[in-house]
Each structure stands twice: as structure tokens, then as C-alpha cells.
Amino acid sequence: MSDAVIQLRGVSKRFATRRAETLALDDVSFEVQRGDVFGLLGANGAGKTTAMRCILGLTHISGGSLQVLGRERPSRHELFARTAYLPEEPQLFIGATGREHLAYFGRLSAVDGVRLPARIDETLTLVELGDAADRRIGTYSKGMKQRLGIAAAILAEPEIIFLDEPTRGLDPLGRKRVRDLLAKLAAGGATLFINSHLLGEVERLCNRVGILDNGRVRAAGKLADLLGENSLLAVRFALPGEPGQELAGAERADGGLWKTTVPDTAALAALSEKIAAAGGRVVSAQAERIALEDYFIRAIGREEQA
């Protein structure tokens, strides 16, 4: 039995203007299972925000089927009660304190009034803002503001948390703290839906991804399966001298060796012949999982732009 909390099947979305019609989503299909950390990847304009807005009921789909939390096109009231959304730039009351900001959002989210103070303290501790709870938000760093935005999103303990570029614009320490926080939420059973084009962050966080390009899904599934099916062979070899044109792209490795990668055993056999012809020998060949960035470029067919 499927435990999918989000399912898109052949979803399309058209925007009509007086002059033309734009197909923003074209036959889009993917699913998110309960407890997943799902990353929807794509360049700017790929359709990520449109897809998220359709899932959240903020815009109607033009075709196909869309289910969220087991319902076909649930009402906005139900979605807002059971999900939360964090935009790329959270809107914060910079003159308020962090605690006051969460109290306001808690009342908006109908968190039980008796329980609200304790829930605010729990959430501030979780996002590591307990010591700054009574400081004005205007004094917070960008990373602290982002964590406060996440705190507001999770205050009512939603079943699905939607995040749009949650680590964009943060310094390395800020990205790590937000990433660690999202990992904690996932470990606690939350389902996270992340829009991003920061592939390194997604590779660290997500267990399932979908890749959008010009409104179409180019790949979707478990990250380990997608990258595992596209492994490379890392080859280390010895050579008397510098690689010639036939071995272009090889790089220096430890121990006076050279290294390169090939996609499969057929390519390894061809490479071995070239190395032998140059007076060298293959020392080792090991399977190496392809990086998400390389997989992404292959999936959208933009090698020539990379």
C-alpha cells in the first residue's frame, strides 16, 4: 500500500494571456512518501514554484490529477491546517522579538492557547534561538532569521513542510545550521518538500528528488537509486610521462599515478588499450557514484552549457 502524501499524475498548468498561452507544467508526474525529504530541482523558470503553488492549492491545475494527504485537490482550509510553507525570503516583524513573532503565528495557526507558551519555548530551543528569544528580530543575522522562519512554519506541527530555497544566500555556517535543523525535523518524522537549485545542499539532505526542466520531469525517484544506476568507474593508472591527446582529461593522483573516470566496462576496456599503447598500465578501477550535479546536467541534456 502506498504511503504517498503527495501524488502528481500527468499534471499540466497553462497560463493564458491576450497574446499567447504558456505551458508552465507539461505532463508532470512524481510522488512524495510520508517521512521523505523530497527535493524538487531545476533552474530558475523550470516550473518549481508553479508546481509547489499547485500542490498548495494556490493555483488550479489545467489537467491531470493531484492528490495531497490522500485527497484529490483538498480545500485550502485543510491544506493550511495540515501543511506549512516557508518562502525563500520569510516575512518577519523585525520590530518584534522572536518570541513575540512566534506567539503571533501560533495564534494564526490555532495552536492551543494554554499550550502555546511551552510550544514556543520548545520550538525556539529546536531551532537554537532560545538565547535570542527576547531580542528584536532586526538584530538577527540572516541565518537566525531563516531559522526563525522555520520555527514559525513548524510551530503547529504540520504534516508536510514546504520550503523554497531554505539555504540560499546563507554563509557556510548558516547553511550547515539550517541543514542540520532540517535533518532533525526529518528524523522526527516530518515530511519535507524542498524547492532548490543548490544541488550540493539537496544531495546532503534529500532521499528522493524530482528534476524539472522547462516544465517537464526529466527524472524522479529515490536519490540513491538514481545516482546508483549512473555510477562511474574511477580508474587509476601508471604512465611513463605525461598523458597524450588520447588520454586527455586525466588528472594527477597520489603516488605518482594518474586518474580519470569512464561510464562503463566497455569504455574501461578501450581506455586500458590506450594506456597500454602509451606504455602504461591500469592500477585500479572502482565503481564511484556519480555526483548529483553531474546527474542533473545529464538529465536535462545541457552538457554543452556546463
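User: How many salt bridges does a search of the whole structure find?

Analyst: Side chains of opposite charge can pair when their charged atoms come close. In this predicted model, a search of the whole structure finds 24 salt bridges.

User: Which residue forms a salt bridge with Arg 216, and where do the two partners lie?

Analyst: Arg 216 pairs with Asp 26, and their closest N and O atoms are 2.8 Å apart. This pair links distant parts of the chain, since Arg 216 belongs to strand E10 and Asp 26 to strand E2 (residues 21-33), 190 residues apart. Arg 216 has a relative accessible area of 33% and is therefore partly exposed. Asp 26, at 23%, also counts as partly exposed.

User: Which residues are linked in a network of salt bridges?

Analyst: The network joins Asp 3, Arg 34, Arg 71, Glu 78, Arg 82 and Glu 159. Within it, Arg 82 forms a salt bridge with Glu 159, with the closest N and O atoms 2.6 Å apart. Arg 82 is in helix H2, whereas Glu 159 is in the loop between H5 and strand E7 (160-164), 77 residues apart.

User: Which residues of helix H10 are buried, and what covers them?

Analyst: A residue is called buried when its relative accessible area is under 20%. In H10 (residues 292-300), the buried residues are Leu 292, Tyr 295, Phe 296, Ile 297 and Ile 300. Their cover includes helix H7 (199-205), strand E9 (208-213) and strand E10 (216-222). After H10 comes Gly 301, with a positive phi near 65 degrees.

User: What is the volume of the largest pocket, and which residues are closest to its centre?

Analyst: The largest pocket has a volume of about 640 Å³. Of its 23 lining residues, Thr 83, Ala 84, Tyr 85, Phe 105 and Ser 109 are the closest to the centre. Strand E6 gives the most to the lining, with 4 residues.

User: Which residues make the nonpolar surface patch?

Analyst: Phe 93, Tyr 104 and Leu 108 make this patch of about 300 Å². Tyr 104 lies in helix H3 (residues 98-108) and, at 36% relative accessibility, counts as partly exposed.

Technical notes
Residues numbered from 1 in each chain as written. Predicted model: local features only at pLDDT ≥ 70, side-chain atom pairs only at ≥ 80, totals over all residues. Heavy atoms only, no water. Patch = residues over 30% accessible without salt bridge, like charges linked within 9 Å, V, L, I, M, F, W, Y side chains within 5 Å. Areas by Shrake-Rupley, 256 points an atom, 1.4 Å probe, with all protein chains shown as cover. Salt bridge = Lys/Arg side-chain N within 4 Å of Asp/Glu carboxyl O. Helix = DSSP H or I, 4+ residues; strand = E, 2+ residues; numbered from the N terminus. Buried < 20%, exposed > 50% of the residue type's maximum accessible area, 1.4 Å probe, protein only. Contact = heavy atoms within 4.5 Å. 1 Å grid on protein atoms, 1.4 Å probe; cavity = no way out; pocket = protein on both sides within 12 Å on 5 of 7 lines; lining within 4 Å. Points joined across faces, edges and corners; volume = space filled by probe spheres on them.
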